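Colleague: Please show me the structure, and then let us discuss its contacts and its interface.

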Amino acid sequence: MDDKKGTSSQKVTVYIDDIAYQVNKENNLLAGVLSQKLNLPYFCWHPSMGSVGACRQCAVTQYQDENDTRGRLVMACMTPVSDGMRITLQDKSSAKFREQVIGAMMTNHPHDCPVCAEGGECHLQDMTVMTGHNSRDYQGTKRTFNNQYLGELVGHEMNRCITCYRCSRFYNDYAGGKDFGVYGSKNQVYFGRQKDGTLESEFSGNLVEVCPTGVFTNKLFSAHYTRKWDLQSAPSVCAHCSVGCNTSIGERYGSVRRVMNRYSYDLNGYFLCDRGRYGIGFVNGEQRIKKAKGISQASPEKLTRLDVSKSLAHFRGKRFMGIGSARASLEANFYLKQMVGEENFSAGYNGQQMAVAKAHQQLLNNYFTKDRMLSLREVEQCDFILLIGEDLTKTSPRFALALRQACRNSGIEKAASMGVASWQDSAVRTISGKRNSPFFALHPTATKLDELTEQHLLLEPDDIEKVMLALTNLLGSDVNEKNNEKYEKQLKNYNTEQQLFINKIISELVKAKKPLIVTGDSLLSAKILSATNKLMACLENNPDQKKVNLVVLASASNSIGLLSLIDEKSLSSEQVLAKLSDNTMDGVICLEQELATFTDKELTLLRDNSETIIVLDHSESRVSAIADIVLPAAAVSESNGHFVNYQGRIQRFSQVHAPILPILDSWKWLSYIEKSLEFSTTSQSILRKNKTKIIETLDQLHHHFTENFTSWPVIGNVLLDQNPVARMTPRASGRTSQAANFSVHETKVVQDKDQHYRFSMEGSKPNTVKDMPFTWAPGWNSNQSINHHQVEIQGQLSNYHEDLYLAFQFSNFNHKVEQTSDDTLAGDSPADKKFNYFPQGSLFQGEWQSALTAEFDLLKYSLEKNPTLYLSTEFSESQGWSQGQWLKVTADNMNCIAQLKCDARLPKNLVYGDIYDFINNKSGITVKLSEATEPEVIQQQESRINGYQLAKENQKNILERLKISDQHIPIRFVAGGLDDA
Amino acid sequence: MTEIIRPLTHLVNLKSPLSLSDYISEGGYQGASKAIHEFSPKQVLDLVSDSELKGRGGAGFPTGMKWSCVPMFPDNDETDDDVPEFKYLVANADEMEPGTFKDRYLLEGVPHQLVEAMIIGAYTIAANRGYIFLRGEYHLAAKRLQQAIDEAYQQNWLGNNIQGTKFSFDLYVHTSAGRYICGEETALINALEGRRANPRAKPPFPQMSGLFGKPTVVNNVETLCNLPHILKHGAGWFKALSPDSDAGTKIYAACGRVKSPGLWELPMGTTIREILYQHAGGMADGLKLRGLLPGGASTDFLLPEHLDTPMDFASISKVGSRLGTGGLIVLDDQNCPVAMVLNLLKFFAQESCGFCTPCRDGTPWAVEVLTRIENGKGRKEDLDTLHNLCDFMWLGKTHCALAPGAVEPLKSALRYFIDEFEQHIDNGCCSYQQQGITQQTHVVQPSHGGQFHG
């Protein structure tokens with residue numbers, strides 16, 4: 001929508017209660033008033049969704065001129081700002097009307113506050129107090145509704161609804177959802193699904209934040225509930241994809257309770273995806289590693305540094321390789337690499353992934369040494385999109401949401417040309433109709449964004465590459481009479497559909513003012529990335545083409561951080577295994593790596609050929625199961641560190657609470673390992689020489705790196721200039737009594753050595769810094785309080801300072817690409833029913849950490865939907881197969897069952913589906929299809945029902961355990977290392 | 001030429017409406033012919049503006065002015081992105097205002113008149129597609145309209161190149177699925193699009209962004225039916241039909257306990273007294289006039305002292321009410337005014353679309369209070385509540401005019417029949433012997449579709 005940094009847009013004078021204010025001309029009056037930090041109540045308006053004028057809450061009196069004393073009532077959200085306009089917030093008639101609106105809403109609103117999850121951060125509560133309504137005139141009964149089961153994530157309590165329409169406007173209009181809507185009329189308007197069932201949108205969790213009352217609540221939060229004012233929070237970054245949405249994580253009594261959106265002007269704005277919001281559940285899961293393995297402890301109660309150094313001393317002199325991880329912090333990865341030495345460092349990528357990494361680096365080198373990749377905010381302004389090889393709605397969902405908004409730009413422009421402001425949401429959507437900005441996509445599977453495309457093709461990665469090369473060649477060729485023949489000839493190799501696709505892109509691309517090409521690594525295809533490189537190079541050479549923006553997305557939260565550490569000496573996983581088997585090296589240190597690409601055979605090889613495997617991780621995996629030493633690493637909510645997002649933006653995640661020992665930040669473990677193992681690399685000797693102090697805090701670590709390594713980006717600490725910010729609200733309760741079952745004495749405040757934030761309610765207010773632990777303002781207890789911390793509504797944060805970016809300077813190197821089995825996909829042989837199967841993206845199982853969340857596991861066995869396989873209609877008919885039929889899908893030694901669905905868009909060889917067993921075969925796998933027998937189908941259904949019940953049990957057990965652990969709050973004195981209590 | 005002083009209704013035949021050829025031999029389609037053959041769209045627009053025709057749907061907006069806001073593209077270059085592919089003329093045949101049945105009379109009685117009218121209207125605004133948004137319950141009208149349209153297509157009065165001109169116009173009948181709010185033009189447009197029938201905010205006006213975002217004009221059936229006659233006889237003739245300030249004739253109606261309820265086409269500005277006593281025969285035996293709503297349920301009460309007011313827009317407005325649709329709803333002296341207002345408010349509460357807070361929550365609140373008063377459980381404070389609600393749901397405070405309309409009978413009843421309300425409260429009962437209107441005592445039920453919570 002509008003780009004409102006606040007300073008560059010035109011301002012006009014608006015008189016509010018006779019005081020002149022400078023207000024952004026493009027705003028509606030409500031946004032203008034709120035931008036001045038004045039209090040005007042509202043419900044249905046939302047900064048990202050514009051105005052509809054439904055609730056009538058924001059009424060103000062507008063005067064014609066200074067002499068007009070009567071004025072007339074207008075709805076601020078529907079009124080444009082004009083120079084010299086005069087309004088009042090304080091006159092009796094509009095104040096009375098605003099109070100009456102609340103009174104009307106209260107006629108049906110239940111007296112649920114004490115039992116409602118929203119209480120204490122409820123927008124309705126805040127607005128009620130703001131209007132001064134405090135006594136009930138209505139004498140009648142209240143209308144009630146039935147509630148629906150909407151899935152494991154979002155709760156439903158319709159009695160509380162005030163019919164502001166925000167939920168359906170978000171779910172349907174903004175996020176493109178299809179299975180939710182408005183029903184009924186008069187005072188019985190109902191928001192829900194046509195029938196009970198899990199909400200299908202990847203953004204359903206935002207209903208919780210968008211709803212001003214407690215109709216939609218966070219079920220995970222409600223199950224193990226605490227009031228907002230009792231939560232201890234810290235600003236964090238989502239750990240589940242490379243967009244790097246800003247979050248605010250809240251905990252109480254030592255367990256993580258929930259994730260809220262943390263407003264970011266450039267990235268996530270006001271919304272998160274469900275993976276980011278609910279994926280934090282893994283922190284409380286049964287699979288957490290809470291004790292060290294392989295370290296003999298002097299005292300069973302406590303693991304000390306001495307224990308660690310003694311145990312590790314056994315391995316002194318051994319030659320270790322380090323395997324870093326795209327989900328570990330930048331600090332931990334960098335530290336590991338320096339420790340083991342650059343020739344012994346691996347990213348945990350196999351040869352195929354290394355080729356992808358190299359191609360990615362090439363793109364960054366070529367186009368992003370001076371420029372920066374577009375932020376999500378900037379993506380929403382684009383007017384042409386070419387999406388290659390990414391199912392964004394599942395891999396980087398928040399990015400997909402931004403693309404949805406970008407598609408609206410041609411419609412918004414048309415409305416603007418008719419004099420309709422972009423915030424007049426209904427009118428703009430009416431005028432836009434079905435008009436979308438030109439959007440083209442290439443991917444092996446169907447995706448949710450397909451409906452927005454002008455044209456999209458379902459093709460395998462190799463064929464995608466071919467189409468891209470054709471496009472590049474044709475773009476590069478002279479478009480004049482003589483070469484039309486050549487043009488035609490080149491196109492002849494492609495079918496009509498593909499020809500149309502290429503031609504359309506060429507004609508639309510040249511018209512675009514801000515075109516965007518999006519690609520990523522989710523198909524593990526280096527070919528697609530190099531083809532993108534060639535395409536970009538060609539477009540750069542065309543003087544008539546406006547600058548084409550490129551975005552390359554990665555799969556994990558710190559993929560780019562890890563990428564910056566990969567150089568010509570880095571080892572692929574094949575090379576790691578080779579070095580172990582030929583005895584060049586003795587063991588590996590695995591940093592937060594689950595080695596998903598390793599087959600069982602490779603894992604056995606790893607185990608057999610390694611003398612020692614040291615694993616640092618927060619959750620059990622196949623690797624931790626075979627390790628000699630397992631050190632419990634802290635999860636994102638329990639540690640401090642930095643992730644680098646797809647743009648190269650370095651963002652800090654902060655510790656929410658000090659976890660129970662011996663869980664420690666990975667980099668802290670690495671510093672103990674470094675001390676004990678005494679590596680003999682050159683970097684090591686530098687490290688040892690210059691190190692005098694023990695590294696206890698992140699700042700010290702940064703200082704250490706900066707002093708000794710030029711490749712470390714200088715991450716300054718703005719926060720050190722200020723007083724530490726309180727993590728708790730001033731109203732946090734129970735502080736003096738929470739350990740009363742142990743001791744009558746109040747526990748001391750946990751010392752945070754990092755000095756950015758305090759584990760206390762004492763400290764600076766959250767709004768004194770850019771990275772706020774939680775959001776609050778006087779009179780605004782809900783998430784709407786963010787209005788007070790922005791320069792302008794929907795603008796930049798008040799305390800914003802520029803984020804730091806990684807400099808992209810990769811050396812060009814040739815990495816020996818080891819061929820993997822994935823490259824040998826099936827040829828042209830549907831006759832023996834061999835196909836290339838590509839897994840659809842999965843929101844809940846696609847990322848290893850979040851997939852461990854109990855609720856996500858439950859969704860895996862969801863009985864609402866069967867595993868599905870999509871096959872071309874033509875081939876299905878030729879086999880006499882019909883939709884809904886059960887097929888057997890065989891690959892390697894695996895047999896799976898899936899239900900058939902026909903997709904007419906599919907070429908001969910290509911199939912796709914959501915079969916869980918193949919979820920990691922991102923670059924495709926050859927499968928054979930046959931009909932499934934009835935006993936096989938029954939067995940599969942039974943095993944799913946079993947799996948579901950087990951997952952349900954697991955969920956219940958976790959909840960019980962958490963509630964019990966509330967009684968035994970871990971007491972830490974210092975949030976420090978092993979020897980700090 | 002015999003002077004026709006009842007142009008709208010003189011060809012009405014409810015038993016068997018005129019076929020196309022019969023309609024033509026009675027002078028039909030001459031107006032449309034004149035428009036498309038002899039006038040330019042601008043000339044027709046000027047003619048209609050001169051005639052001072054005002055909307056008959058209840059708002060009384062000058063038709064010429066409404067049409068003049070439609071963007072016209074003289075070149076009609078189809079490749080120009082600004083020229084819309086479609087422009088629409090919609091006939092609002094969703095007659096649901098209580099006490100109103102004039103459009104039904106015209107639709108069932110002389111459907112070709114509307115078809116001809118729409119041809120003229122579409123020609124003027126260069127619309128190429130038209131819809132008659134017809135109230136679903138009017139089955140007979142639907143059938144007869146479709147028959148008329150089919151005949152018109154056959155005789156090249158609809159479709160491509162009408163009567164050999166360059167003007168093409170397609171006309172469809174769309175039967176509504178119900179709801180009073182569809183009578184609101186923007187809600188009607190939403191309903192036509194297949195969406196929920198919530199009204200739209202204006203601006204932008206339908207002439208700029210209407211049906212499917214394209215330029216659209218919505219006119220009432222009776223308004224449109226005047227067009228063939230205006231084209232045939234001219235603006236001066238139309239104005240001369242009425243000695244009054246407003247031009248043309250109007251179909252007035254009367255219902256309630258009068259001797260002969262019905263409808264009559266009379267010159268604009270006929271007095272209430274003439275309609276009620278001359279045409280409707282006065283009150284039924286034994287009953288006296290207590291009050292009346294002049295233009296349908298959503299207008300303010302008038303009293304016997306207002307009987308000599310001319311039924312035109314300005315005069316009725318001056319005495320504190322609205323002409324609306326011109327259908328009188330008569331209150332006799334043996335009917336409880338409180339019960340009547342309760343009945344009306346129940347209708348409005350049921351018909352509220354639920355979009356904006358004052359109407360959605362205010363109308364049922366008024367019903368709750370009035371129900372208690374009617375049942376004798378009212379309190380003194382309730383009158384204050386009712387006054388507050390009238391204030392709360394007034395013009396400018398709601399998203400559309402339904403709630404202000406709902407509040408008009410209520411606030412005028414509080415003005416004129418306050419003693420009735422007070423008596424109900426003081427005596428703890430309704431003093432009228434109810435027969436037919438509200439018989440049983442009403443137990444306030446939970447709304448349909450919901451359930452009590454365990």
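Modeller: Contact here means heavy atoms within 4.5 Å. This is a predicted model, in which local features need pLDDT of at least 70, side-chain atom pairs count only at pLDDT 80 or more, and totals for chains, interfaces and linings use all residues. Residues are numbered from 1 along each chain as its sequence is written, chains are lettered from A, and side-chain values use heavy atoms, without hydrogens and water.

Colleague: Which residues does A:Phe191 touch, not counting residues up to four places away in sequence?

Modeller: Residues up to four places away in sequence are not counted. On that basis, the partners of A:Phe191 are A:His156, A:Met158, A:Cys161, A:Thr163, A:Tyr165, A:Cys167, A:Ser168, A:Phe180, A:Gly181, A:Val182 and A:Phe216.

Colleague: How many residues of chain A are in contact with chain B?

Modeller: On the side of chain B, 44 residues take part. They are in contact with residues of chain A numbering 47.

Colleague: What area do chain A and chain B bury between them?

Modeller: Buried area is the accessible area (1.4 Å probe) that two parts lose on being put together, summed over both. Carbon and sulfur atoms carry 52% of it. A:Arg56, A:Lys186 and A:Thr430 supply 16% of the area that chain A buries against chain B, more than any other three residues. For both chains, the buried area is about 3500 Å².

Colleague: Which residue of chain A forms a salt bridge with B:Asp391?

Modeller: A salt bridge requires a side-chain nitrogen of Lys or Arg within 4 Å of a carboxyl oxygen of Asp or Glu. The rule finds one across this interface. With the closest N and O atoms 3.7 Å apart, the partner of B:Asp391 is A:Lys96.
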